[in-house]
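This briefing covers two residues and their surroundings. Please read it alongside the sequence and the structure shown here.

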Amino acid sequence: MLALSRKKGESVFIGDDIEVVVVDVKGDQVRLGINAPRDLVILRSELVEAIRNANLAAAKAGAFPADILKKGGTAR
Amino acid sequence: MHAPTPAPNLPPGDRRYLKQQHTQHPEVQTHVPMMINTTRFGPFTVEDEDVLHFPKGIPGFEGHTRWALAGEDDNPVKWIQSLTDGDVALPVVTPHTFFPEYRIQLERADLAFLKCETPDALAMLVVVAIPSDRPWDASANLRAPIVVNTALRVARQIILDDEDLSLQTPILPPELREKMMRTAPAASPEAAEGSD
């Protein structure tokens with residue numbers, strides 16, 4: 001992994017049209033600003049990880065009673 | 001610093017060769033029914049037209065690019081069965097069955113990815129988690145719906161930029177949840193409540 005030291009207000013470019021700016025640094029928290037094309041998806045990594053974990057958990061699913069939504073039906 | 005190596009100029013013959021290699025779209029499959037052994041459904045025959053293509057895979061199942069929709073007509077919970085691994089199947093529901101108010105905002109890039117020109121060709125599925133001992137607590141991931149271009153059968157799980165959508169939204173309203181708990185054969189409601 002490439003590691004660069006940057007100060008508040010400084011930035012790096014990734015390719016031609018993605019700029020990551022260090023907006024603020026407070027204690028152990030860094031505030032980043034990202035200038036990128038609108039169609040580029042930018043997500044917090046925790047969210048991607050949470051979606052991944054949700055899918056992995058869903059794959060271990062049990063059965064779902066078939067007729068629960070039917071009027072008067074009973075779950076088997 | 002070294003000067004960058006100039007890219008070699010391909011002779012015209014080579015360029016034609018490369019072009020030929022790319023005339024077949026990677027998502028186009030041969031028209032042979034595929035047989036796969038699955039943990040959940042046993043041997044499973046898939047026709048070309050039943051395959052859902054996830055060019056990017058699904059988070060957690062990144063290499064799984066081909067899936068098939070499976071399930072029983074009378075069960076609102078369907079499954080997408082991975083054709084990469086017979087052991088992997090994800091339960092899904094159409095959101096309007098349980099969440100009639102559910103609407104999502106797609107980005108232009110999402111539509112482009114799905115090669116979609118008109119939203120009419122789009123369908124939605126959401127992945128549900130069904131605890132095996134408490135199916136009445138099944139929940140849906142409304143934060144990341146699977147959007148399908150039904151014409152091309154290309155799909156993607158899209159992570160939405162909306163913090164209000166929960167990854168674990170209960171699918172059953174309280175009265176149906178109660179009913180399912182009451183009629184569950186395996187565990188009595190008391191035992192299930194006690195275990196939580």
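B:N141 sits in the loop between β8 (139–140) and β9 (146–149) of chain B; strands are DSSP runs of E with at least two residues, and helices are runs of H or I with at least four, numbered from the N terminus. This is a predicted model, in which local features need pLDDT of at least 70 and side-chain atom pairs count only at pLDDT 80 or more, while totals for chains, interfaces and linings use all residues. Residues are numbered from 1 along each chain as its sequence is written, chains are lettered from A and ligands numbered from 1 in the order in which they are written, and side-chain values use heavy atoms, without hydrogens and water.

**B:N141**
- B:N141 is buried, at a relative accessible area of 2% (buried: under 20%; exposed: over 50%; partly exposed: in between; 1.4 Å probe, protein chains only).
- Its side chain reaches the backbone nitrogen of B:R143 at 3.0 Å, and a polar atom of that side chain lies 3.1 Å from the backbone nitrogen of B:A144.
- Beyond four places in sequence, B:N141 is in contact (heavy atoms within 4.5 Å) with A:I51 and A:A54, and with B:V126, B:V127, B:Q157, B:S166 and B:L167.

**B:T38**
- B:T38 belongs to strand β1 (residues 34–38) of chain B and is buried, with a relative accessible area of 8%.
- The side chain of B:T38 reaches the backbone nitrogen of B:F41 at 2.9 Å, and a polar atom of this side chain is 2.7 Å from the backbone oxygen of B:G42.
- Residues up to four places away in sequence aside, B:T38 touches B:P43, B:F44, B:Q81 and B:G86.

Notes: A polar contact is a pair of N or O atoms within 3.5 Å; within protein, one must be able to donate a hydrogen and the other to accept it, and residues adjacent in sequence count only if both atoms are side-chain atoms.
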